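Please open the structure in a viewer and keep the sequence at hand.

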Amino acid sequence: MSDIMELQSALSFTMLDLPAYYAEEDPHYYIIDGTLGEIQCKVAGRDVVIRQQEGSGDITGWYDVAYKELEYDGMPCHYGKSDDTFIAWWEDADYSYAVTVTDINENDFINEYIYELSQMSQRNYLEQIGFERTYPGTTPREDTKQLEEELGIAILELPEGYDHFEPVYFGITDDTESGFISYKCGLVYTSIDLITGRQRETEFDDEDFQPVEHNGINVEIAQMTGPSEGVIVSEWSDGACCYTMITSHLELDEVNAILELLTASGGE
């Protein structure tokens, strides 16, 4: 196929593909036996192959692989290694998926490809049913403009292309009617959620917040522990709106750098 659009049109389903921040090079698109979609590309000099097909079962095309099993968000995934290549396959809703990557270590393969792509395959399905599982307590919208028009407030957002973060979801929270934007970044599982509303979010009030000043604005910051370790919650107000930022797998100094940006000149 000439590109992914032609591939998807011929297969009649949305093909799993790498996000733009992977900076894939030299992509090629194929249909195998009329039903299986395949993308071949290079990422950071590694050969990457992604497959997807309606139905269930192992569609990797690799044989005699001793698979291990792990779970991501309750979804089992099988992965193993053959020579210099790691292979994984999993099932989600009505589809089977597979990914193979050469010259990569096990930890990076799990974090950069299994977790990332299995989450994306789940999102592809959940887009059709309203994100009930991916972003519970919210209802989806098209973009920031739609949020602002519906809520009547200016929605805080990251500058376009900020440090390779890109928006993956826009929504309205069901309980506080606030604007919700979720960003993903990079080859590891990192995220930023920005919530803008007329009232402060209350879910984290019992956490141990510490005050930090940014651009004359008092920001309350809490670092989660236990099952939520790696999550940092920040809340502040500019007098007109209340804001909550929830980050995953970012260091505190990185969080403070983002807060310095977001609290300056109305977030411009």
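The model shown here is a predicted one.

**Stop 1: helix α3**

Select residues 144–151, which form helix α3. Within this helix T144, L147 and L151 are buried. They lie on the same side of α3, because the arc they cover around the axis is only 60°. In general, an α-helix has 3.6 residues a turn, so residues three or four places apart point the same way. On the face turned away from the buried side, display K145 and E149, which are exposed.

To find what the buried residues of α3 pack against, show β8 (138–141), β9 (165–173) and β10 (179–185). The helix lies across these three strands, β8, β9 and β10, and runs at about 25° to β9.

**Stop 2: the open sheet**

Now extend the selection to the whole sheet. Eight strands form this open sheet, in the order β8-β9-β10-β11-β15-β14-β13-β12, with antiparallel pairing. Its edge strands are β8 and β12, each of which pairs on one side only. From one strand to the next, the twist averages 25°.

For a detailed view, select β14 and β15, which run antiparallel and are joined by seven bridges. Here V231 has S248, in β15, as its bridge partner.

**Stop 3**

Select residues 252–262, helix α4, where V255, N256, I258, L259 and L262 are buried. Seen down the axis of α4, the buried residues fall within an arc of 160°, so they line one face of the helix. They pack against β11 (190–197), β12 (210–214), β13 (217–223), β14 (231–237) and β15 (242–248). The direction of α4 makes about 25° with that of β14.

Then centre the view on I221 in strand β13. Is I221 buried or exposed? I221 counts as buried because its relative accessibility is 6%, under the cut-off of 20%. Its contacts include N256 and L259, two of the residues named as buried in α4. I221 also touches V233; the two residues are twelve apart along the chain, and their C-alpha atoms are separated by 5.7 Å.

**Stop 4: the largest nonpolar core**

Move to the largest nonpolar core, which has 33 residues. Select L18, V48, V99, F109, Y113 and L117, the members that touch the most others. Among the elements that each supply at least two residues are α1 (4–11), β2 (36–43) and β7 (95–102). Helix α2 gives the most to this core, with six residues.

**Stop 5: R51**

Finally, select R51 in strand β3 (residues 46–54). R51 is buried, with a relative accessible area of 17%. Its side chain makes a polar contact of 2.6 Å with the side chain of E38, and also reaches the backbone oxygen of T60 at 3.3 Å. Further residues touched by R51 include M15, I32, S96 and Y97.

Terms used: Residues are numbered from 1 along each chain as its sequence is written. This is a predicted model: local features need pLDDT of at least 70, side-chain atom pairs count only at pLDDT 80 or more; totals for chains, interfaces and linings use all residues. Side-chain values use heavy atoms; hydrogens and water are left out. Helices (H or I, at least four residues) and strands (E, at least two) are DSSP runs, numbered from the N terminus. Buried means under 20% relative accessible area, exposed over 50%, partly exposed in between (1.4 Å probe, protein chains only). A polar contact is a pair of N or O atoms within 3.5 Å; within protein, one must be able to donate a hydrogen and the other to accept it, and residues adjacent in sequence count only if both atoms are side-chain atoms. Contact means heavy atoms within 4.5 Å. The arc is that of the directions from the helix axis to the C-beta atoms. A nonpolar core is a set of buried Ala, Val, Leu, Ile, Met, Phe, Trp, Tyr and Cys residues joined through side-chain atoms within 4.5 Å. Two strands pair if DSSP finds at least two bridges between them. Axes are lines fitted to C-alpha atoms, for helices over the stretch in contact, and angles run from 0 to 180 degrees between N-to-C directions.
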